[in-house]
Amino acid sequence: MVWTSGWKLAVAAARAGALGLIGAGSMKPELLREHIRKAKATEVADQIGVNIPLIRGDVETLVQTTIDEGIRIAFTSAGNPKQHIQKLKDTGCFVAHVVASVKHARKAEEAGCDAVVAEGFEAGGHNGVDEITTLCLVPQVVDAVKIPVIAAGGIADGRQMLACLALGAQAVQIGTRFATTIESSSHLLYKQAVVDAEDNSTVIVLKKVAPVRLKKNHFAFSAFEAQQHGATKEQEIELLGRKREMQGIFEGNLEDGELEMGQSSGMVKEILTCEQVVQKLLREYEKAKQNLDKFNHPM
């Protein structure tokens with residue numbers, strides 16, 4: 001959720017009844033501090049957490065900033081939580097770690113995480129190298145660990161929420177659907193690009209660097225072509241350049257930017273407020289549940 005989930009989106013999600021996460025992946029520590037303080041000044045401060053990509057070079061400072069500002073819910077991703085979890089836990093922080101395999105789910109549990117987010121490769125942005133789908137990953141992780149499992153990856157409506165709970169997950173994490181809300185800090189052109197997406201509009205590229213799912217555009221096709229021709233990791237890094245995510249998501253560069261979005265983008269048909277999205281999800285969930293009940297109680 002880089003360049004999309006600042007304090008406004010996190011607070012709006014919390015007010016709508018969800019857990020709001022501030023995405024630290026595109027923030028320097030001082031900017032993160034500013035966003036946390038603005039969120040903490042609201043009536044939903046206790047429903048706000050921070051997502052920290054552990055791959056960041058300044059991760060120690062991001063973790064310390066999160067702790068210093070009194071955040072007690074941390075979602076970590078893209079790295080090994082073992083190096084940072086004790087510092088977070090010592091302050092009473094609930095820690096969930098994003099994983100893309102059973103192996104890493106077990107390691108997260110061993111490290112002391114309170115929950116894991118089992119994220120299938122349908123998800124937008126950076127993905128697991130094994131490309132395991134949400135439908136296959138979630139039940140295997142549920143069977144492998146004793147801590148709660150949160151399902152993620154390609155989830156955009158209430159039917160999918162119900163399916164994930166049926167697989168054994170205790171909650172779901174949703175990205176792309178909220179990245180296109182009114183309160184998201186992403187550019188309007190990016191939001192419209194999600195709305196305009198179809199079922200086959202995304203592709204995974206840059207596998208030598210870190211697999212990333214994004215919408216097909218000039219940059220994506222260039223990266224895919226380089227990948228097909230056996231580009232080295234160094235060549236992929238050179239092609240990626242700097243600030244591609246910011247150009248695409250925050251500045252609205254639809255051709256040369258990195259338009260990270262999940263396969264669920266094909267299900268997003270309009271730009272709504274967080275409140276409208278949450279209410280829509282709940283209506284879809286209840287309708288799907290009622291449809292299932294018909295099988296249990298046939299006329």
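Setting aside neighbours within four places in sequence, Val 141 is in contact with Ser 101, Val 102, Ala 105, Val 116, Ala 118 and Val 149. The model is a predicted one. Val 141 also belongs to the largest nonpolar core, where it is among the residues with the most contacts.

**Nonpolar cores**

- The largest nonpolar core comprises 57 residues. Alongside Val 141, the residues with the most contacts inside this core are Ile 22, Leu 32, Val 50, Val 116 and Val 145.
- There is also a second, separate core of 11 residues, which includes Tyr 190, Leu 259, Met 261 and Val 268.

- Seven strands form an open sheet: 7 strands in the order 1-2-3-4-5-7-8, paired in parallel.
- Strand 1 (20-23) and strand 8 (171-173) stand at the edges; each has a single partner strand, so one side of each lacks a neighbour in the sheet.
- From one strand to the next, the twist averages 30°.
- The parallel pairing of strand 4 with strand 5 extends over 4 bridges. Val 98 has Val 117, in strand 5, as its bridge partner.
- Helix 1 (residues 7-15) lies across strand 1 and strand 2 (48-53), and runs at about 170° to strand 1.

**Helix 5**

- Val 102, Ala 105, Ala 108 and Ala 111 are buried in helix 5, which spans residues 102-111. Two of these residues, Val 102 and Ala 105, are in contact with Val 141.
- The cover over the buried residues of helix 5 includes helix 4 (85-89), strand 4 (94-99), strand 5 (115-119) and helix 6 (134-144).
- Gly 112 follows helix 5 and has a positive phi, near 105°.

**Helix 10**

- Within helix 10 (residues 218-228), the buried residues are Phe 219, Ala 220, Ala 223 and Gln 227. Because these residues cover an arc of only 100° around the axis, they lie on the same side of helix 10.
- In general, an α-helix has 3.6 residues a turn, so residues three or four places apart point the same way.
- Among the elements covering the buried residues of helix 10 are strand 9 (202-205), strand 10 (212-215), helix 11 (233-240) and helix 12 (244-250).
- At the N-terminal end, helix 10 is capped by Asn 217, with a side-chain oxygen 3.3 Å from the backbone nitrogen of Phe 219.
- After helix 10 comes Gly 230, whose phi is positive, near 75°.

How values were computed: Residues numbered from 1 in each chain as written. Predicted model: local features only at pLDDT ≥ 70, side-chain atom pairs only at ≥ 80, totals over all residues. Heavy atoms only, no water. Buried < 20%, exposed > 50% of the residue type's maximum accessible area, 1.4 Å probe, protein only. Helix = DSSP H or I, 4+ residues; strand = E, 2+ residues; numbered from the N terminus. Contact = heavy atoms within 4.5 Å. Arc of directions from axis to C-beta. Polar contact = N/O pair within 3.5 Å; in protein donor to acceptor, adjacent residues only side chain to side chain. Pairing = 2+ DSSP bridges. Axes fitted to C-alpha atoms, helices over the stretch in contact; angles between N-to-C directions. Core = buried A, V, L, I, M, F, W, Y, C linked by side-chain atoms within 4.5 Å.
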